[in-house]
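Reader: Could you walk me through a helix pair and a sheet?

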Amino acid sequence: MTEREEEQMIRDQFDKLLAACPRCQTEENKKLVTKAFELAHEAHKGMRRKSGEPYIIHPIEVARIAAEEIGLGTKGVVASILHDVVEDTDYTVEDLQNMFGEKIASIVAGLTKLEGIFDQSSSLQAENFRKLLLTMVEDVRVILIKLADRLHNMRTLNSMPERKRLKIAGETIYFYAPLAHRLGLYAIKSELEDLSLKYELPNIFNELSAKVKESEEKHTEFINNFKAPIEQRLNAEGYNFEVVGRHKSIYSIWSKMQKKDLPFDEIYDVLAIRVVFSPKIHLPEKTQCWAIYSMITDIYKPKPDRLRDWVSTPKANGYEALHSTVMGPNGKWVEIQIRTQRMDDIAERGFAAHWKYKGQKEKESELDKWLEMVKELLDNPDSDSLEFLDDFKLNLFASEIMIFTPKGDVKVLPTGATALDFAFDIHTDIGYKCIGAKVNFKLVPLSHTLKSGDQVEIITSEKQQPKYDWLNFVTTAKAKTRIKEAFKSERKDLIIKGEKILEKALHKKKLTINSRILRKIMTHHSISKRDELYFKLGKGSLKLENLAKILSIKSSNKWIRYWKLSLGMSGSDKDEKEEKERSKKKKLVLSDDNDKDQFTISECCNPIPGDDILAFADEDDKLILHSRKCPVAIKLMSSQGDRIVSAQWESHKILSYLALINLSGIDKMGIVSNITRVISEDQNVNMRSINIESHDGIFEGSIYLYIHNTEDLNNLIYNIMKTKGVHNVTRQERIKG
């Protein structure tokens, strides 16, 4: 492409952006957007993305997503175009303030990544997330533009090296997708999840995509037959409506397959039908939603336990709808969603639409309450970034429960919240003085886990004082933060005391505290943070026993050098030659030639040869292998992505790895001996132990096996499935050997 053709392509993309922004159509707004484009175009001149395209295409596309898919106005579009100018060029926030005003400059400042050096135990990514949230509570457009930025990066992620792809995909699934969901951006949340799965587990993604496409073709006729009687009834009642069919996203299907341990063919609610209608003026929306539900259940019988009423009590992200699962033609269960045009707009476009409709309802929305909660959490500037991110993410989960106060008011809490969480949600002082609770008039301890619909009365005592071990059973970020605050001064004193204890112990050995010594001690005691080590020493819950032995442990230089080269780090001057060749080392390749002591198999997911894996270099420079779909691995990719090493197995036929299979079926004479015979006849598998139990004619059991790779395991599962009476055999990945 010539320079002139490239310039024309850029101008065409900008024209498409202007056309996609309905709130940018006045002459004044067009001038402001064009001014931002010309500045960014000039500032980014000569810059190119990894894909080779001019860099200016990225901010244009981000602005287009912000305008077209989120619904932001002129200031949001201008800030989107300028979002990388301060970070990547010589322009400053002050320059933008002079040219575009204080509001646009503050949004861009919030989007600009932190600069400077952070403590090694901290996470640059976590610090960036924290800054985003700090700015978000002042202007939510910051996080909306950041989500648009992340979506475009994910759409173009293929041009990045694999290690970067894993890091960015891990961040996305761990932090950005839940945040998009919390802000009500369902379409963006679903696409972020699907793209993360595509790059983390490409084989699974491609396989499920093909199955969904195949089922879509089969379902077209089914959808038409299903919705015909509904359309006929709604037309007769004089409603202006649309009935559409859609498939669940690839990620949500995969997630349900994992949680329920089911194959694709047994996920019965892959298909959903949505009824979106314009409400009649003289009746409340809620009344009309229930009226349409009644009409539909006159035609199709509902599944009693699958009714979800988010019209009476909306979700915390503002989502409103009635959901039900009904029995459709040919004995197929179908999920049906009923919502008004306003509800649909909020469901698809989230906070921007929520803001548009604000004022139609006098009461404060759950989303406004959530933003207030974020403000409270950010009032504590001393908290560790990674710890803050973990606490914050606890409150991003979509699953929520409704808890009633003694007076009948409703509080929305995350699933898993305890009575003590509820106490802190009411007021910090009530949390500090809480000694128990009555749930549905029955006395329960502070640690009691609440269920949706519970009515809770908190019991307090003036003699009660907060306890540090409360942190072991509270789940909300507010409760965790308030408990930590109560012990802040005491904890600081113990940390200082613990540091002096360590200094004294090392001084006897003529040593001083340094990062290498700290890593060895922390790794030995399974402690992830330096302050936590000092705190335990100061409190006396940890003793410096076997200190000489701990400090004498050596790491494998070969593997330290390998992962440092993989991450682009130079271990020493001697490594320069190897560093020049690191571009050839795309992956850490594991085969039978490797000594098993050179890496560790993580117990959280227990990967075996044949699984999609990655390696994580821990604080002691040891390589730990994780399955790519392991939740712990996803968290590591999101918070410490720079320590991830891309890895793959080669064929393994010598070394054996522990695997666990679960099986069930109809109990009959000789079933156990038939199963063990299949295993003993397999030359590639050895059985470690077997446990089979029978109840009322049904057997369930588990078998520990030593296998070489997934191919051998899958062959064995296939052969066991052929045994008469066996109905189900699955591999359990999270085991402990």
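Author: A crossing is left-handed if the near helix is turned anticlockwise from the far one by less than a right angle, and right-handed if clockwise. This is a predicted model: local features need pLDDT of at least 70 and side-chain atom pairs 80 or more, while totals for chains, interfaces and linings use all residues. Residues are numbered from 1 along each chain as its sequence is written, and side-chain values use heavy atoms, leaving out hydrogens and water.

Reader: So which way does α1 pass α2, in a left-handed or a right-handed crossing?

Author: Helices (H or I, at least four residues) and strands (E, at least two) are DSSP runs, numbered from the N terminus. Here α1 covers residues 3-19 and α2 residues 27-43, with axes (lines fitted to C-alpha atoms, for helices over the stretch in contact) 12 Å apart. The crossing of α1 past α2 is right-handed.

Reader: How is α1 oriented relative to α2, roughly parallel or roughly antiparallel?

Author: They pack at about 150 degrees, on a scale from 0 to 180 degrees between N-to-C directions. Under 35 degrees counts as roughly parallel, over 145 as roughly antiparallel, 65 to 115 as roughly perpendicular and the rest as oblique. That's why α1 is, relative to α2, roughly antiparallel.

Reader: What is the strand order in the open sheet of 3 strands?

Author: Two strands pair if DSSP finds at least two bridges between them. β9 (442-444) and β10 (456-460) are the edge strands, each pairing on one side only. β8 (residues 434-439) pairs with β10 in the antiparallel sense over 5 bridges. The order is β9-β8-β10.
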